[in-house]
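Please work through the following exercises with the structure at hand. Each task is followed by a solution in steps.

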Amino acid sequence: MRASYSAFAFTGCILFVGCGHSSETNAIADDHKNATLQITTIMDPHSHARPQEAVITHLDLDVTVDMVAHTIAGTATYKLQRSSGDSVVFDTDGLLIEKVTLADGALLEYSLGDSTFLGRALRVAVPAGADQVVVSYRTGANARALQWLSPEQTADKTKPFLFTQGQAILTRTWIPVQDSPGIRFTFNAKVKVPNDLMALMSAENPQARSSDGVYSFKMDKPIPAYLIALAVGDIAYQSIDERCGVYAEQSMINKAAWEFADMGRMVTAAEELYGPYRWGRYDVIVLPPSFPFGGMENPMLTFATPTIIAGDRSLTALIAHELAHSWSGNLVTNANWNDFWLNEGFTVYFEHRISEKLYGADYSAMTGVLGHQDLMSTVMEIESGKDPQDTRLKLDLAGRDPDDGMTDIAYEKGYGLLRLLESKAGREKFDTFLRGYFDKFAFQSMTTERFVTYLNEQLLTPNKLQVDVDRWIYQTGIPDDDIVPVSDNFAKVEVEIAHWEKGTPANQLATKAWSTFEWMHFLRHLPGKLNEARMDELDNTFHFTASGNSEILAAWLEQCVSNDYSKSYERLDGFLTTVGRRKFLIPLYDRLIATEKGKAMAMNIYKVARPNYHSVSVRTIDDMLGWSAQNGTITL
Ligand code: BES
Ligand code: ZN
């Protein structure tokens with residue numbers, strides 16, 4: 001057992017109290033209240049918290065955001081549920097703790113543990129009977145959850161912007177908190193920002209700017225710390241329907257609202273599949289392009305990259321994905337990051353079901369094939385890397401930054417297992433099972449083991465189904481019973497590629513009806529080595545370099561790097577210096593560093609681009625390029 005884990009190896013079994021309810025109508029009203037009764041004794045190798053002694057049940061956050069000094073400062077007041085001991089332990093990372101008091105202001109003793117990749121444990125001595133503590137703090141210089149953007153780094157270019165990214169263990173860099181996905185609490189927040197800016201959180205949100213820059217938020221359902229999020233900027237709002245709307249900078253708002261017109265239908269489709277949407281409103285905020293992910297499922301307010309605004313609504317499945325997390329992830333939450341596949345695998349499955357309802361089986365088949373292609377290359381990459389065991393669904397991330405083990409495996413292998421279960425059980429039975437799962441475990445955390453027990457009891461045993469679930473979960477690689485997705489549309493794309501290889505000019509290929517996904521498949525399967533004339537032919541015919549569709553552009557730019565097609569290098573440079581979405585950055589830098597010339601280019605681009613990236617992308621690309629070794633240690 002690794003050192004970082006052993007501190008948490010207390011002999012507690014997983015014990016749940018007061019969970020479950022039966023009737024669906026009660027579910028919405030009552031189920032989250034029960035969740036706070038859940039005694040969390042699930043070990044989390046990535047948190048210092050000792051919930052078996054004292055666990056937080058509610059946070060009152062009162063902070064001021066300084067957009068010039070780049071700090072967040074104020075108080076975090078916690079309600080505690082205490083079981084034993086004389087202290088409460090929080091996670092912090094880079095925070096400056098000013099004082100800790102009781103609600104009446106009486107000072108409490110506290111200590112900060114050693115600094116590791118998990119940050120520092122804040123242990124507060126709490127007198128017997130006390131159930132509230134107030135932590136006064138400010139963020140430090142490298143609060144990795146936060147990205148402070150200058151006006152130039154935004155779409156409008158007039159006002160600064162701030163957004164947070166909590167998952168996996170970054171919330172502790174801006175709030176002292178028990179930062180474990182197995183610990184849930186409600187929160188209220190008062191956030192003061194400059195009065196020409198608007199603040200939004202993963203909570204009930206304003207739709208217009210306040211006159212004094214003070215915003216109040218309420219999240220009355222218990223959520224884990226990684227789902228607390230804040231965005232501050234010159235943000236506009238546009239409604240889609242009664243419960244859905246879009247936030248974005250002024251210059252993006254109309255485009256964003258047009259692109260996401262289907263949001264309301266997505267929520268309805270999701271509800272038809274797996275039960276009521278329990279969070280009230282569902283809104284999306286489109287962030288500046290440095291946002292490191294496609295999307296982040298912050299409750300009530302999905303954070304999204306502007307790179308899904310393609311102008312043709314073709315990339316909005318990402319919204320279906322983040323929406324699906326309102327069930328898989330936010331309602332039933334992975335107990336710790338080793339169980340990450342329970343969040344993402346279920347969400348990919350659910351996302352496909354929503355897309356299929358809205359856009360049909362061909363659509364879902366195409367995204368299924370693309371995802372499977374990603375899975376196979378991820379498996380190869382992991383198998384040849386330093387942690388080959390990371391192709392298991394159940395991970396062992398103790399002693400490592402969880403971010404390093406969060407790969408396509410959780411998403412696509414996880415989806416593969418659910419696809420298999422669906423095919424064995426039949427759709428109807430599988431849907432009943434899943435719906436029951438979300439209802440039964442709403443507002444609770446879930447371990448892989450607990451899921452397997454429930455699966456056996458509710459689906460496999462009663463229906464006498466044989467699936468080697470353990471093989472999928474606890475062993476490496478992709479099992480033989482994987483149902484590989486196929487797409488007729490893609491078969492047609494492959495025919496056109498073959499024609500082009502045999503000499504049919506690009507402008508005579510049958511590409512007219514192609515969607516973004518067909519183009520992606522085309523670009524991924526071009527012949528190995530293309531000379532400049534061949535690349536010219538493609539670009540002059542299909543205008544890839546000028547594409548405003550980020551998926552098509554990124555796939556094309558990968559080809560450009562591999563084929564050293566220098567006519568697109570300016571575009572590549574521009575893309576890499578403005579877009580911070582890690583999914584696009586990794587393959588592009590990866591291809592660049594495959595040659596000496598490319599490596600030099602990568603370094604030159606990165607020098608300029610790095611200050612535009614959020615810390616999670618910086619960490620990954622630093623590592624890929626060996627940046628710190630060459631440029632001294634830069635702490636981020
Ligand atoms: N929760 C993830 C993003 C995430 C994962 C943040 C791990 C931090 C650590 C989000 O739901 C997600 O999966 N985003 C994908 C979207 C895609 C699969 C549709 C992304 O950002 O690419
Ligand atoms: Zn996800």
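**Exercise 1.** Determine whether the radius of gyration of the protein chain agrees with that of a compact globule.

*Solution.* The radius of gyration is taken over C-alpha atoms, and the globule rule is 2.2 Å times the number of residues to the power 0.38. For 636 residues the rule gives a value near 26 Å; the protein chain has 24 Å, which agrees. Along the principal axes, its C-alpha atoms fill a box of roughly 80 × 60 × 50 Å.

This is a predicted model, in which local features need pLDDT of at least 70 and side-chain atom pairs count only at pLDDT 80 or more, while totals for chains, interfaces and linings use all residues. Residues are numbered from 1 along each chain as its sequence is written, chains are lettered from A and ligands numbered from 1 in the order in which they are written, and side-chain values use heavy atoms, leaving out hydrogens and water.

**Exercise 2.** Identify the protein donors of the zinc ion (ligand 2) and state how they are spaced along the chain.

*Solution.* Donors are N, O and S atoms within 2.8 Å of the metal (3.2 Å for Na, K and Ca); water is not among the atoms, so sites may look incomplete.

**Exercise 3.** Are histidine 321 and glutamate 344 buried or exposed?

*Solution.* Buried means under 20% relative accessible area, exposed over 50%, and partly exposed in between (1.4 Å probe, protein chains only). Histidine 321, at 8%, is buried; glutamate 344, at 2%, is buried.
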